[in-house]
Amino acid sequence: MTPEEFKEARRKLGLTQSELGAILDTAPQTIRKWEMPDTRSTARSVNPVAARVMAWLMSGWRPPQWPQGRA
């Protein structure tokens with residue numbers, strides 16, 4: 001999953017970087033770095049486990065940490 005695909009998936013799910021960070025148990029700053037284009041020196045590759053969880057979220061799975069009021 002590319003940084004752009006990861007960011008687009010988060011947006012389609014209606015999650016903020018902080019909300020996704022809570023679901024993945026990581027800092028919002030890490031989410032921000034995963035979403036940066038690869039050309040920036042501070043960019044990080046999307047964590048493979050986070051990419052897999054994102055795929056599960058996109059397919060409809062919802063964890064207990066899912067923000068209240070979100071479908």
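Helices (H or I, at least four residues) and strands (E, at least two) are taken here as DSSP runs, numbered from the N terminus. By that naming, I placed glycine 14 in the loop between α1 and α2.

**Basis of the entries.** I worked from a predicted model, in which local features need pLDDT of at least 70 and side-chain atom pairs count only at pLDDT 80 or more, while totals for chains, interfaces and linings use all residues. Residues are numbered from 1 along each chain as its sequence is written, and side-chain values use heavy atoms, with hydrogens and water left out.

**Entry 1: glycine 14.** I looked up its accessibility, where buried means under 20% relative accessible area, exposed over 50%, and partly exposed in between (1.4 Å probe, protein chains only). Glycine 14 counts as partly exposed, at 35% relative accessibility. I then took the separation of glycine 14 from proline 28: the two are 14 residues apart in sequence, and their C-alpha atoms are 15 Å apart in space.

**Entry 2: α1 against α4.** I examined how helix α1 (residues 3–12) packs with helix α4 (residues 48–58) and found an angle of about 35°, with the axes 10 Å apart. The axes are lines fitted to C-alpha atoms, for helices over the stretch in contact, and angles run from 0 to 180 degrees between N-to-C directions. The crossing of α1 past α4 is left-handed, a term for a near helix turned anticlockwise from the far one by less than a right angle.

I listed the residues in contact (heavy atoms within 4.5 Å). From α1 these are Phe6, Ala9, Arg10 and Lys12, and from α4 they are Ala50, Ala51, Met54 and Met58. By class, I noted six nonpolar, no polar and two charged residues in the contact of α1 with α4. The classes take Ala, Val, Leu, Ile, Met, Phe, Trp, Tyr, Cys and Pro as nonpolar, Asp, Glu, Lys and Arg as charged, and the others, Gly among them, as polar.

**Entry 3: lysine 12.** Lysine 12 belongs to helix α1. I found lysine 12 exposed, with a relative accessible area of 60%.

**Entry 4: arginine 10.** Arginine 10 also lies in helix α1. I found arginine 10 buried, at a relative accessible area of 8%. Leaving aside neighbours within four places in sequence, I recorded contacts of arginine 10 with Leu15, Thr16, Gln17, Leu20, Ile31, Glu35 and Met54.

I next searched for salt bridges, each a side-chain nitrogen of Lys or Arg within 4 Å of a carboxyl oxygen of Asp or Glu. The count came to one salt bridge. In this salt bridge the side chains of arginine 10 and glutamate 35 meet at 2.5 Å, N to O. The pair links distant parts of the chain, 25 residues apart, with arginine 10 in helix α1 and glutamate 35 in the loop between α3 and α4. I noted that both residues, glutamate 35 and arginine 10, are buried.

**Entry 5: helix α2 and its end.** Helix α2 (residues 17–24) is largely enclosed by the rest of the structure, because six of its eight residues are buried. I listed these as Gln17, Glu19, Leu20, Gly21, Ile23 and Leu24. The buried residues of α2 pack against α1, α3 (28–34) and α4.

I checked its backbone: aspartate 25 has a positive phi of about 55° although it is not a glycine. Most residues other than glycine have a negative phi. Aspartate 25 counts as exposed, at 72% relative accessibility.

**Entry 6: glutamine 29.** Glutamine 29 is in helix α3. I found glutamine 29 partly exposed, at 45% relative accessibility. Its C-alpha atom is separated by 8.5 Å from that of serine 18, eleven residues away along the chain.

**Entry 7: nonpolar core.** I looked up nonpolar cores, sets of buried Ala, Val, Leu, Ile, Met, Phe, Trp, Tyr and Cys residues joined through side-chain atoms within 4.5 Å. The largest has 16 residues, and those with the most contacts inside it are Phe6, Leu20, Leu24, Trp34, Met54 and Leu57. The elements giving two or more residues to this core are α1, α2, α3 and α4. The largest share, five residues, comes from α4.

I then followed tryptophan 34, which touches Pro3, Phe6, Leu24, Thr26, Arg44, Ser45, Val46, Asn47 and Ala50, not counting residues up to four places away in sequence.
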